[in-house]
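Please examine the sequence and structure shown below. This briefing then treats two topics in turn.

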Amino acid sequence: MNGADNRNNTTGGLIVYSSKTGNTRKLAEGIHRGLTEALGAVRIATVEENPDPTGADWLLVGFWADQGNADQKALNYLKSLEGCRIGLFGTMGAYPDSEHARDIRKGVQDLVGEKNTVLGCFLCQGKIDPALTERFKSLPADNPHAMTPERMERHLEAAKHPDEKDLEAAVTACLSMVKTVSSVLSGVAS
Ligand SMILES: Cc1cc2nc3c(=O)[nH]c(=O)nc-3n(C[C@H](O)[C@H](O)[C@H](O)COP(=O)(O)O)c2cc1C
């Protein structure tokens, strides 16, 4: 958490993220840098800090994919929000254009959308915990999660992410989510 940014909140935006092995933290910090450069100071916090969203014009909430859903800590935080404008970002082992990614995106957006306005959802790959890769490798071939050459290729590709391109794409995506709110707010003000 960057204490200085939290004291000097000029945009009313809040980035909150959950991360177990650091991928989503890296993405969140890249988004924070990009948005701070473009918009001025933006607050950033972890889900463990459970930041109060009161007064925030928008939130960007980051999660990691866990067993076909957003991770539990991110879900718990998201479930506590009501009447907020929320953009989502996340990292996952699967390819972001896969059916699995589509299902996760839909699940989390539907949940958030029950009580909030969803601004969008950016996903990219994140390196998979090597212990998990080893566990898959040890499964018998007839197990539905057994390692295959395609899965191994995906794990190896995931190991390169999030990379600089992911960070750039995330900043672009998050800026456009947030700018929809800015235009709503300036429309109200004028
Ligand atoms: C227990 C566990 C479950 C996971 N489940 C999924 C999953 O269902 N789908 C997926 O695409 N990736 C899954 N992954 C991969 C993580 O989502 C991915 O590595 C992510 O970038 C981790 O983010 P973090 O470093 O911020 O914790 C799983 C990883 C672990 C350790």
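The model is predicted: local features require pLDDT of at least 70 and side-chain atom pairs count only at pLDDT 80 or more, while totals for chains, interfaces and linings use all residues. Residue numbers start from 1 along each chain as its sequence is written.

**Shell around the ligand**

- The ligand is surrounded by 21 residues, a residue being near a molecule if its C-beta atom, placed from the backbone, lies within 6 Å of it.
- The closest are K20, N23, T24, W64 and G126.
- α2 (23-39), β3 (58-66) and β5 (85-92) each supply at least two residues of this shell; helices (H or I, at least four residues) and strands (E, at least two) are DSSP runs, numbered from the N terminus.
- With three residues, β3 gives the most to the shell.
- Domain 1 (3-126 + 163-180) and domain 2 (128-160) each contribute at least three residues to the shell, with domain bounds coming from an automatic or database domain assignment.

**Strand β1**

- Five of the five residues of β1 (residues 13-17) are buried, so this strand is largely enclosed by the rest of the structure; buried denotes 20 or more other C-beta atoms within 10 Å of a residue's own, with C-beta atoms placed from the backbone.
- G13, I15 and Y17 point one way from β1, and L14 and V16 point the other way.
- β1 runs parallel to β3, joined by five bridges, and V16 has V61 as its bridge partner in β3; strands pair if DSSP finds at least two bridges between them.
- β1 also runs parallel to β2 (residues 43-46), joined by four bridges, and V16 stands opposite A45 there.

Conventions: A residue is buried if 20 or more other C-beta atoms lie within 10 Å of its own, exposed if 12 or fewer, and partly exposed in between; C-beta atoms are placed from the backbone.
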